[in-house]
Amino acid sequence: MERQHQLLSKIATNDGHGENSPYFDGWKAYDKNPFHPTENPHGVIQMGLAENQLSADLIIDWMKKHPKASICNPEGVHLFKDIANFQDYHGLPEFRQAIAKFMERVRGGRVTFDPDRIVMSGGATGANELIMFCLADPGDAFLVPSPYYPAFYRDLGWRTGVQIVPVDCDSSNNFQITKVALEAAYDKAQQDGINVKGLIITNPSNPLGTTLDRETLKCLLSFINEKNIHIVCDEIYAATIFSSQNFVSISEVIEEVIDCKRDLIHIVYSLSKDMGLPGFRVGLVYSYNDAVVNCGRKMSSFGLVSSQTQYLLASMLSDEEFVEDFLAESSKRLKKRHGILTKGLEQIGISCLESKAGLFVWMNLRHLLKEQTNDGEMALWRVIVNDVKLNVSPGSSFHCVEPGWFRVCFANMDDETLEVALKRIHAFVGEQKEREALSTKTKDMPSKTKCWKKNLRLSFSSRIFEEGIGSPIAMSPHSPLVRART
């Protein structure tokens, strides 16, 4: 093994990818034993995948009605040669115009985007890495409010050498970012000799599902202007808002801030979450800095969006009636699914952080921890994955400073699978309560502890799997090392 390491690069042999994380371990548990309602009803249900499958039927219907949008259909094949040979770094003009208009529509038409400032990339993963290459050198750092997306370590730093400096946030104010926390993290980095090049925010938040209000965004702009550092706004969940409140983009707020240094402001966006198209690998950087646009466009040659995909989406996103209907219906379906999950959890005394967006909830299981530590959280998580057979993601993998929080995804499955998942959680909590009741009646807890897991499996067999389950859905097991943004 040592000899092999000597033959490979440092990138190939280091742990910068972040694979050694419970976030990815949960994926592996699912890959080994994926749930299927008829073929494998005892398998692991994937609730660690932030994928939006709820409105795929709307896109399929549109494609059936517009066969000319694809060069692989008889109706559109006459353009095959032109589209297949296109490889300009800028991308198809009609695609850039269409996605700029789509971004404007998602933000309520309150802001405009210049198609010439759009830099394409292979998904948001590639877009995040591209902007790091443009803004920072190896060893430089970006402040990132916690909890944050676990794969940021991979996306931002694995190949670029950029560091993450966490800005610790907690539940005392619902994990909101504060100027005090920003200043503390910045000052600590300075004391440690770390060169802070910028701040990265995810709005709406992954994993919280919350959004930043106008005043908070103004505060963040004031902070980066004062420090003369960049701000990168990851807005890939912008169209997953399911409350009546509008999403406020950083692009709106810069219009209201006097003397705002626009060349410090950059947006990362994709169609993976808002449109449910992660496999299309459509990501982009929108920068207000001319040098970043020019440099990023050259770098985009390492991760361009295929011309076939651009051509199809240019047609789809230019259909204003479809876009309007899709966004409205998607929001409606996300709200309904969010409500089913949160109400089901409330019935057994489990609360979630109040959220307005996203494809997940931030579930509070602190009351189920044996001890209020990361070890206590991991012990509970192992039971949930291995015995309850649900892949939920522990808060510690998101660098959450408080043990006992878990991200639970709800938009990557059908209603019947979600029902099974909720029944498993109900059964698990019921077993926990029975166990607590027994502990007050007997001192012989070791023997009781040993048998409870076996009883838990038996209870699942009798309470859940013998019940009828609706239409089957085959959730394909894909490796977490291939999935880019989840």
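Predicted model: local features only at pLDDT ≥ 70, side-chain atom pairs only at ≥ 80, totals over all residues.

Residues are numbered from 1 along each chain as its sequence is written, and side-chain values use heavy atoms, with hydrogens and water left out.

Let me turn to the sheet. Helices (H or I, at least four residues) and strands (E, at least two) are DSSP runs, numbered from the N terminus. Two strands are said to pair if DSSP finds at least two bridges between them. On that basis, four strands make up an open sheet with antiparallel pairing, in the order β9-β10-β13-β12. Its edge strands are β9 (351-352) and β12, each of which pairs on one side only. Helix α14 packs on this sheet and touches β9, β10 and β13, where contact means heavy atoms within 4.5 Å. The direction of α14 makes about 10° with that of β10; axes here are lines fitted to C-alpha atoms, for helices over the stretch in contact, and angles run from 0 to 180 degrees between N-to-C directions.

Within the sheet, consider strand β13, residues 405-409. How many of its residues are buried? The answer is five of five, buried meaning under 20% relative accessible area, exposed over 50%, and partly exposed in between, with a 1.4 Å probe and protein chains only. In a regular strand the side chains alternate between the two faces of the sheet. In β13, Trp-405, Arg-407 and Cys-409 point one way, and Phe-406 and Val-408 the other way.

Strand β10, residues 360-364, runs antiparallel to β13 and is joined to it by five bridges. Phe-360 stands opposite Cys-409, and Trp-362 opposite Arg-407. Strand β12, residues 393-394, is also antiparallel to β13, with two bridges between them. Here Ser-393 is the residue opposite Arg-407.

I now come to the salt bridges. The term denotes a side-chain nitrogen of Lys or Arg within 4 Å of a carboxyl oxygen of Asp or Glu.

One joins Arg-107 to Glu-235, with the closest N and O atoms 2.9 Å apart. Arg-107 sits in the loop between α6 (93-106) and β2 (118-122), and Glu-235 in the loop between β6 (230-234) and α11 (250-253), so that this pair links distant parts of the chain, 128 residues apart. Both Arg-107 and Glu-235 are buried.

Another joins Asp-415 and Arg-337, where the closest N and O atoms are 2.6 Å apart. Because Asp-415 lies in helix α16 (residues 415-439) and Arg-337 in helix α14 (residues 320-346), the pair ties together parts that are 78 residues apart in sequence. Asp-415 is partly exposed at 44% relative accessibility, whereas Arg-337 is buried at 5%. Separately, salt bridges that share partners join Arg-110, Arg-214, Glu-215, Lys-218, Glu-252 and Glu-256 into one network.

Arg-262 is partly exposed, with a relative accessible area of 32%, and Glu-255 is exposed at 53%.

What of the cysteines? The structure has zero disulfides, a disulfide being a pair of cysteine sulfur atoms within 2.5 Å. For Cys-134, the nearest cysteine sulfur is that of Cys-295, 3.8 Å away.

Finally, the backbone. Most residues other than glycine have a negative phi, and most peptide bonds are trans. A cis peptide bond joins Ser-146 and Pro-147, with omega about -5°; Pro-147 is in the loop between β3 (141-145) and α8 (152-158). A cis peptide bond also joins Asn-203 and Pro-204, with omega about 0°, and Pro-204 is in the loop between β5 (196-202) and α10 (214-227).

Which residue in the loop between β7 (265-270) and β8 (282-287) deserves mention here? That residue is Arg-281, whose phi is positive, near 55°. Arg-281 is partly exposed, at 25% relative accessible area. His-399, in the loop between β12 and β13, has a positive phi of about 60° and is partly exposed at 29%.
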